[in-house]
There are 2 protein chains.
Amino acid sequence: MGELGSVAVVGVGRMGANIARRLRDVGYRVTAAFDSRRAVAESLAEELGASSPGRLAEVTAAADTILTVVSDDAAMHAVFAESGDSLLEGSRGKLFVNCATISPRVHVEVERLAESRGASSLEACMASSIPQAREGTLYLMAGGRREAFDRARPMLERMSSAVRYIGPAGTAAQVKALVNMVMNSNTAALAEGLGLGAALGLDLTTLREIFAQTGANSRVLETDGADMQAREHEVYFSAAHATKDSGIALELANEQRLDVPVAAAAKAQYDRMVALGLGELDKSGVAELTFPGRQGAR
Amino acid sequence: MGELGSVAVVGVGRMGANIARRLRDVGYRVTAAFDSRRAVAESLAEELGASSPGRLAEVTAAADTILTVVSDDAAMHAVFAESGDSLLEGSRGKLFVNCATISPRVHVEVERLAESRGASSLEACMASSIPQAREGTLYLMAGGRREAFDRARPMLERMSSAVRYIGPAGTAAQVKALVNMVMNSNTAALAEGLGLGAALGLDLTTLREIFAQTGANSRVLETDGADMQAREHEVYFSAAHATKDSGIALELANEQRLDVPVAAAAKAQYDRMVALGLGELDKSGVAELTFPGRQGAR
């Protein structure tokens, strides 16, 4: 074990922890785990026989590759701080692989900062969820320099069932934002179709079958349709994440001065879920807003 | 030829004409064609060796089964008028098969009117488009009495690759409205994703491939994605129809006091296409509103 090299993980949510477990399973040495919630990092570190340093600089020192899976732009800026404790400290020769879903421009900034210290940086955006992280079957989209991609590739391939190099820093994050924007719109649209079907007293299993055989078919019908009907909203991809990701896409649209009213309407639904305290439900929980008698219906 | 019985067609749009051609091909006698645009009816009648009566009552007299494929609720009310010239005149024992996409309640009214004259009525809602009508591979959803369905079934099976009995009058039209509502939302959402991708300078063929492999996948990605990229908006299902069908669904939602904001945003896009004079483009033409530099972009 461990012959493939050493990895540190920064950001120990469900995704980060599962990626770390997967990399351990396939032969990487996971040497350090870091999270702003110290206890979470310690727990994973104990599980994997890693350290849980108190300082980011120690995380960088502990591994060849530092994988970041933080929650948002602010967290990304915090771990790559230009002064004070930072992953950038002593990072010459290190490779940062950044898996968080954040704004494309932050990936560009991080690449610039890393390179200014003699380190490499690659964005590896994930278009899949928690079980895929554990099983090493993520769909990964990489953005950054070719050399950084080639260096990270052996690890990315062990994390995923498909790796796709998109282009320079920021482009993979753009594609990821667009994937999630369309996915979130389709999910909210499906919840409306099934919710209205329920209101009309139609048989929803039949309705889903018909959707699947017609122009209403979609990937989210397969993944979320039955869950909407059954009110099973165990989280794979939370409504809070949906709001964040659609927000990134809407900001891109705004920068491009492009109207995307359907995506905006879908984001407003996820915002409403968060406002109602439903943000930690799976994105399929948007059906709580569109099925008569459910908690967010109106 | 003709041993299967006689059929008259009311409403000679592309769908009605193609259904009539298909039924002629498989052995029905098409005896009459009617349209408010007289020349269109005469042209199809000539092609199929049918008559083109000036009065609706003559249409009913000409066939055992009268297939209606009219454009909207008002046209449906007009051909099933309670007084004056009407398909209802002399309709005892006849079977009406109503294929138009109209409001569910109008199907219920037509069934009541037909039965009051001793005729039968069935709604046969189509979830497919012009080529499928010609080839007899429609996806059909039937609503009405079981006896009417059993009587119409041999003909419906020759028009379609799948026939599904949904329930009493109005229910098939409800399902159809929901299918199209979700389809229209997904289409408008896809146009936003691809349009924003274009604005960002991403390779759209790659983007479509990634959509297809992720949670952004949908039937409309398969049918409309390449057309949006290539600006090929030859009509299969027009934006004007999309607006009408989404309008029927939104009215159902309104009656049920259910919010469907994503569907409403999608309908507003199709309304805008119509307002811009783009209503006769295919629904994929909604990309004209979301790709930078195209005619409806803003």
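Q: Which residue of S6(B) is the bridge partner of Glu123(B)?
A: Strand S5 (residues 120-126) and strand S6 (residues 138-144) of chain B run antiparallel and are joined by five bridges; strands are DSSP runs of E with at least two residues, helices are runs of H or I with at least four, and both are numbered from the N terminus. In S6(B), Glu123(B) has as its bridge partner Gly143(B).

Q: What kind of model is this, and how is it numbered?
A: Residues are numbered from 1 along each chain as its sequence is written, while chains are lettered from A and ligands numbered from 1 in the order in which they are written. Local features need pLDDT of at least 70, side-chain atom pairs count only at pLDDT 80 or more, and totals for chains, interfaces and linings use all residues, for this is a predicted model.

Q: Which strands stand at the edges of the open sheet of chain B?
A: Seven strands of chain B form this sheet in mixed pairing, in the order S2-S1-S3-S4-S5-S6-S7; two strands pair if DSSP finds at least two bridges between them. Each edge strand has a single partner strand, so one of its sides is left without a neighbour in the sheet; these are strand S2 (29-34) and strand S7 (160-167).

Q: How is the packing of H9(A) and H8(B) classed by angle?
A: Helix H9 (residues 204-212) of chain A and helix H8 (residues 171-199) of chain B have axes 10 Å apart, at an angle of about 50°. Axes are lines fitted to C-alpha atoms, for helices over the stretch in contact, and angles run from 0 to 180 degrees between N-to-C directions. Under 35 degrees counts as roughly parallel, over 145 as roughly antiparallel, 65 to 115 as roughly perpendicular and the rest as oblique. H9(A) and H8(B) are therefore oblique.

Q: Which helix gives the most to the side of chain A that touches chain B?
A: The contact (C-beta atoms, placed from the backbone, within 7 Å) takes 54 residues from chain A and 54 residues from chain B. With 19 residues, the helix that gives the most to the side of chain A is H8(A).

Q: Is Arg294(B) buried, exposed or partly exposed?
A: A residue is buried if 20 or more other C-beta atoms, placed from the backbone, lie within 10 Å of its own, exposed if 12 or fewer, and partly exposed in between. Arg294(B) has 15 C-beta neighbours inside 10 Å and therefore counts as partly exposed.

How values were computed
Contact = placed C-beta atoms within 7 Å.
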